[in-house]
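Here are a few notes to go with the model. Have it open while you read them.

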Amino acid sequence: MLGAPSSSKSTFPIPSSLQELESQPYNLLPYPHDFEDDDEASRAESFDRLVRLLENGNRSLISCGMGLFEVDEGEEEGEYDVWNDGDRVQALYTLVRKSDSLAPATRSRLVKALCNAIEGLCSALANPGRSKNTSSESPETHGTSSGNYVASQSFRDAFACHTYMLFTLMFFTESQEKFGKSLGNGTSKPKATKSAKNRSNTSGNPTDAEEMATSRALCAQTMLLASTSMSKYQSRLWLRSVPDESLLHLPCRIAYQMLESSTGVIAKKAACGKEALGMIANVVDSSGNGLLNTVVAALVDLLHTYDHMAPLVAELCCMVQEKPTNVLATELLREIGRLDTDGYSATDAGGKASGIRNVAPFISELAAVRPKLVLTNFSLLVPHLSAEPYVLRSAIINSIGHILVRDDVKLAEEKKEEQEEGESDYGSKDDRRIINIAKTRSSLFDILCDHTKDVTSFTRAAALKVLNDLTEKQSLPLDRVMPVTKIAIDRLNDKAVSVRRYSMQLITSLLDNNPFMGLLNPEPYREKVRELETNLKSNIPQAIIEVRDIALEQAKNGDSANDADLEEIQSAALAAAIADAEAKKEANEDLSDAENEFLAKVRALKFSSSALSFIELFENANASFQTMLLSSNSSDVTEALRFFVRAKHFGLPCAVSGMKHALALMWSNETNIQEEVLRAFVDVFVAEPGTDGKELLPENQIAQNFIDLVGQATVSELASIEEAIGRLVKKEIIPPDVFSILWHCASQAEGDLRASAMMVISMAASADPRIVDSAYRLQNLFDAGLGDYTEDHRDWKTARSAACALQRVARAKVDQSSARYLILDLITERLVAVARGDWCMDGNEHDTNSWFCAAEQAINAIFAISPSPEKVSMEILLGHQAAIFGTPDHPETVTDSLRLSRFFFILGHIALKLLIYTEVLSSSVRRANAAKTVSKQESASSVINGKGGN
């Protein structure tokens with residue numbers, strides 16, 4: 001028996017529709033002649049008989065394999081086909097045509113029989129010389145060679161017939177599923193009731209939906225197998241490997257429908273999206289340009305129509321053959337490059353605008369998985385960078401980011417491999433390749449930077465986001481750090497919120513990934529620059545020194561010589577020495593040890609100077625950062641706070657002032673901003689850097705941070721700091737040992753440190769008075785804040801801080817046996833001395849100016865803790881009167897103006913406090929009288945009720 005056919009004329013060409021099978025050359029009937037449909041039982045039996053016919057034929061196919069289709073010598077092909085005869089084809093047609101009306105069990109048997117048949121045909125094609133039951137036999141035992149074997153026409157007809165029937169069955173299923181979704185259901189079948197579901201679950205039988213899902217999966221896997229066989233065994237299936245494109249395209253036609261339903265991960269699995277992609281990939285790999293163009297046109301149409309297709313098509317581009325080139329991806333990019341964007345309007349909900357919005361993500365999706373391919377065809381996309389649709393520009397910008405990241409990783413891997421292999425020198429070809437890569441990367445970065453000023457905010461935001469991703473992945477070249485930082489700072493003034501947000505994120509990423517290591521405190525760098533410049537100037541080559549001296553001499557002899565001109569000559573000499581040393585290095589000249597050391601210091605100078613320039617960019621932009629804190633948009637505020645947290649960890653001077661301004665947001669009406677400010681406060685002053693507040697700093701460091709913060713704060717900032725510290729005390733975030741350290745500083749330190757420690761204690765006491773309200777702590781407060789040190793040094797700041805702390809203490813009750821009352825009485829005496837200005841120097845205006853704040857808080861403290869503040873106030877005023885006007889025995893005729901100013905200040909403030917105190921007392925009296933009246937009414941009512949009961 002010979003396997004090669006004598007004719008290639010098909011008796012089963014792929015029809016354009018299922019109804020066409022009832023005409024020439026098929027001449028099929030709707031039902032077989034012996035089909036009985038008198039009643040439902042007869043009809044079901046007839047369908048069952050047709051399915052059994054298919055199953056019996058499948059057993060023959062499995063048993064005999066390709067032998068069923070081989071033709072003996074002298075026998076014309078087409079005269080006899082024992083397997084795929086008219087009865088089988090008629091049965092297939094009738095069952096597939098009426099598949100929707102079949103009983104679920106019968107339909108499942110049909111699907112299984114049809115899939116088994118195709119699996120058998122594919123197996124026979126893969127093993128043309130043997131069947132499954134004779135798998136140990138070789139092709140040579142059957143007189144065929146798999147290398148040049150070509151299947152008979154009858155086999156091709158059978159393969160085409162069954163593949164088309166499977167396609168039609170899948171088409172019905174997908175259409176039914178799509179129709180069901182359009183009605184709002186997962187399937188067009190009516191939903192089963194709860195009782196029906198329970199019955200099916202208890203009986204162990206699958207539901208209709210489960211059977212449908214199983215059938216869909218089986219059909220998809222079988223169609224994938226058929227497309228794989230056509231692709232892999234193309235030379236065996238068709239003469240001269242010229243495929244029947246109508247048959248080859250069948251898997252694609254159904255795959256398109258399956259992909260339409262793959263709207264998500266779950267839907268993709270339910271619709272067998274992965275198998276659909278495999279079908280299309282097989283067709284692309286085995287077809288010529290004609291069918292490829294058809295596939296590309298269909299995919300582009302799907303991309304235009306559905307917004308979920310971009311990642312699916314990108315995944316498909318990774319499944320096709322890529323050697324020598326990925327023709328599918330290239331053609332798709334070419335089609336996108338040809339998109340007509342004229343008349344595009346971003347406000348349109350459909351039409352051209354909708355299609356472009358759906359197509360654009362494919363560019364970035366493909367670049368994420370095949371960046372080199374997109375880079376190779378990037379010229380096709382460049383015209384869209386100046387086109388109207390911003391979605392295309394943004395997608396191209398995103399693709400550039402993927403290209404630059406992958407390209408950077410690839411270069412790093414190649415460099416590592418070369419180092420491991422011991423290769424230190426590049427050949428000329430490698431040098432040219434590296435130069436070309438550098439030029440390409442530079443051009444792509446130029447495009448990114450240019451589009452940070454795009455006319456559309458979406459594209460500006462996309463460009464900044466890409467730059468941020470590159471920075472976080474450490475793919476930003478060193479020569480781009482400064483320009484990108486300037487761009488990010490400039491974009492903080494953008495009118496679009498999204499642009500400002502990504503700008504702030506980019507600035508924070510640049511700070512986190514800066515190439516200058518460690519802290520960014522400018523002072524060490526300035527010192528290093530001065531040191532290196534001095535050293536380099538002293539080691540300038542002799543020839544340059546001689547020229548410099550001549551220039552200096554001429555400048556000094558000139559009439560208009562000044563220090564700036566002389567400094568410019570010195571700088572020019574240093575620049576010439578540096579240029580000369582670098583020229584020798586580039587020329588590969590042998591350098592002496594002194595010249596090598598000179599070059600090393602030049603590199604150190606450039607490094608330190610660059611670091612200073614980087615720091616100055618942030619310092620000069622401090623006003624922009626603080627403006628972000630005042631924004632009405634919460635995201636601006638949040639990003640600015642996060643930046644200041646990172647800036648503090650790196651030691652930038654702008655961080656402290658920024659955090660002080662940020663603390664004013666503690667009074668914001670938005671709770672999320674308050675929480676973000678408090679979180680930033682903890683990250684900067686309380687917690688270890690980078691731990692998100694989970695690990696705290698040592699107690700002495702926390703105390704020092706609070707003291708430094710309070711010592712440099714204004715009055716308005718102190719109120720915000722007090723609110724923040726108070727909330728942390730209430731949440732018990734600050735360790736108790738911190739306050740022990742603060743008490744120690746308040747009693748042992750001197751100057752501003754003492755006053756700041758006392759102020760922090762008073763702030764914490766506003767949330768927890770127990771910090772100061774005990775006899776022991778009050779004694780400490782008396783000694784540290786109002787004791788001899790304060791009097792001797794006239795330390796009004798410490799006195800003011802102690803008075804602020806006393807305002808958190810409850811009013812004293814007269815009890816001579818109470819230690820708390822006795823210490824508060826002593827404290828009151830000291831407060832009176834402060835309010836009278838007993839320690840002030842009349843001739844020192846600065847001393848009096850410092851006294852005002854202390855006196856104000858001292859009076860406030862007196863009205864807070866004294867049981868009779870009006871008497872204490874009278875004592876203070878009498879003391880001022882005696883100091884100014886004297887006594888009746890010794891009247892004063894002349895007094896100091898500073899003393900008068902202190903008297904009038906105290907007089908006015910006491911008057912105000914007495915007014916408030918009087919109002920508080922009267923309110924208390926009214927409340928007491930009201931309570932007494934209510935009590936009397938309740939007593940009278942109880943008496944009346946008692947008499948009525950009797």
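Which residue's side chain meets that of D842 in a salt bridge?

1. The partner is R902, at 2.6 Å from N to O. A salt bridge here is a side-chain nitrogen of Lys or Arg within 4 Å of a carboxyl oxygen of Asp or Glu. D842 sits in the loop between α37 (819–836) and α38 (845–865) and R902 in helix α40 (residues 897–949), so this pair ties together parts that are 60 residues apart in sequence. D842 is partly exposed at 23% relative accessibility, whereas R902 is buried at 3%. The cut-offs: buried is under 20% relative accessible area, exposed is over 50%, and partly exposed lies in between (1.4 Å probe, protein chains only).

2. Before going on, some ground rules. This is a predicted model, where local features need pLDDT of at least 70, side-chain atom pairs count only at pLDDT 80 or more, and totals for chains, interfaces and linings use all residues. Residues are numbered from 1 along each chain as its sequence is written, and side-chain values use heavy atoms, with hydrogens and water left out. Helices (H or I, at least four residues) and strands (E, at least two) are DSSP runs, numbered from the N terminus.

3. The whole structure has 38 salt bridges. One of them joins R370 and E322, at 2.9 Å from N to O. R370 is in the loop between α15 (351–369) and α16 (371–376), and E322 is in the loop between α13 (309–319) and α14 (327–337), so the pair links parts 48 residues apart in sequence. R370 is partly exposed at 24%, and E322 is partly exposed at 31%.

4. R836 pairs with D838, their closest N and O atoms being 2.8 Å apart. R836 counts as partly exposed at 25%, as does D838 at 42%.

5. Now the core. The largest nonpolar core holds 270 residues, and those touching the most other members are F155, I280, L328, F362, I725, I827 and L831. Such a core is a set of buried Ala, Val, Leu, Ile, Met, Phe, Trp, Tyr and Cys residues joined through side-chain atoms within 4.5 Å. Beyond four places in sequence, I280 contacts (heavy atoms within 4.5 Å) C252, A255, Y256, L259, V295, L299 and L316.

6. Last, have a look at E676 in helix α29 (residues 671–685). E676 is buried, with a relative accessible area of 10%. Leaving out residues up to four places away in sequence, E676 touches T638, L641 and R642. E639 is 37 residues from E676 in sequence, with 9.8 Å between their C-alpha atoms.
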